[in-house]
Amino acid sequence: MAICTAQDTHHLPPLRAPSGDFCIELHTYLLDKEYDPMLPRAAVLRRATELDWRGTRVRLLDPTDRVVHNMVHAQLHHQLSARGTVELRSLRELALLVLRHGEAFDWSDIARHC
């Protein structure tokens, strides 16, 4: 993996796959504390799947939590809602999550959080 340029400090510098097909952002924290009510850290960590990634234990968010994180991160953390814009990257991630986990989503829970 090659290191990409970090855009902010809430995650480590993104790692790009040698193929260039994807980039992984390892977060140092989930979201700013002000957004905790939308995605409570303790509950998110309970639902997350712990796995080994290249010799390091990491947590992969539950699909429903990933959708909420995607929306809150883009629209509030990066303030895109204030500009009335949506990132193509966020839409692509959401589309991929729906294709892969659509049946597993609790859409009413997503609506309550956002």
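**Contacts, burial and salt bridges in a predicted model**

Tutor: In this predicted model, Gln-75 is in contact with Leu-80, Ser-81, Thr-85 and Val-86, once its neighbours within four places in sequence are left aside. Gln-75 is found in helix 2.

Student: Why is Gln-75 called partly exposed?

Tutor: The relative accessible area of Gln-75 is 21%, and since buried means under 20% and exposed over 50%, with partly exposed in between, Gln-75 is therefore classed as partly exposed.

Student: Why is Asn-70 called buried?

Tutor: Asn-70, which lies in helix 2 (residues 63-77), has a relative accessible area of 7%; the limit for buried is under 20%, so Asn-70 is buried.

Student: What makes the approach of the Asn-70 side chain to the backbone oxygen of Ser-90 a polar contact?

Tutor: The side chain of Asn-70 reaches that backbone oxygen of Ser-90 at 3.1 Å, and the cut-off for a pair of N or O atoms, one able to donate a hydrogen and the other to accept it, is within 3.5 Å. Asn-70 also touches Glu-93 and Leu-94, not counting residues up to four places away in sequence.

Student: How do you know that Asp-65 and Arg-47 meet in a salt bridge?

Tutor: Their side chains meet at 2.9 Å, N to O, and a salt bridge requires a side-chain nitrogen of Lys or Arg within 4 Å of a carboxyl oxygen of Asp or Glu, so the pair qualifies. The pair links distant parts of the chain, with Asp-65 in helix 2 and Arg-47 in helix 1 (residues 41-47), 18 residues apart.

Student: Are the two partners, Asp-65 and Arg-47, buried or partly exposed?

Tutor: Asp-65, at 2% relative accessibility, counts as buried, because the limit is under 20%, whereas Arg-47, at 36%, counts as partly exposed, because that class covers values between 20% and 50%.

Student: What makes Glu-50, Arg-57 and Arg-59 a network of salt bridges?

Tutor: Arg-57 forms a salt bridge with Glu-50, the closest N and O atoms being 3.3 Å apart, and Arg-59 forms a salt bridge with Glu-50 at 3.8 Å. Each distance is within 4 Å, so both pairs qualify, and Glu-50, Arg-57 and Arg-59 are thus linked in a network. By this rule the count comes to three salt bridges.

Student: Why is Val-86 called partly exposed?

Tutor: Val-86 has 49% relative accessibility, and exposed means over 50%, so Val-86 counts as partly exposed. Together with Leu-88 and Leu-91, Val-86 makes a nonpolar surface patch of about 310 Å².

Note on methods:
Residues numbered from 1 in each chain as written. Predicted model: local features only at pLDDT ≥ 70, side-chain atom pairs only at ≥ 80, totals over all residues. Heavy atoms only, no water. Helix = DSSP H or I, 4+ residues; strand = E, 2+ residues; numbered from the N terminus. Buried < 20%, exposed > 50% of the residue type's maximum accessible area, 1.4 Å probe, protein only. Contact = heavy atoms within 4.5 Å. Patch = residues over 30% accessible without salt bridge, like charges linked within 9 Å, V, L, I, M, F, W, Y side chains within 5 Å. Areas by Shrake-Rupley, 256 points an atom, 1.4 Å probe, with all protein chains shown as cover.
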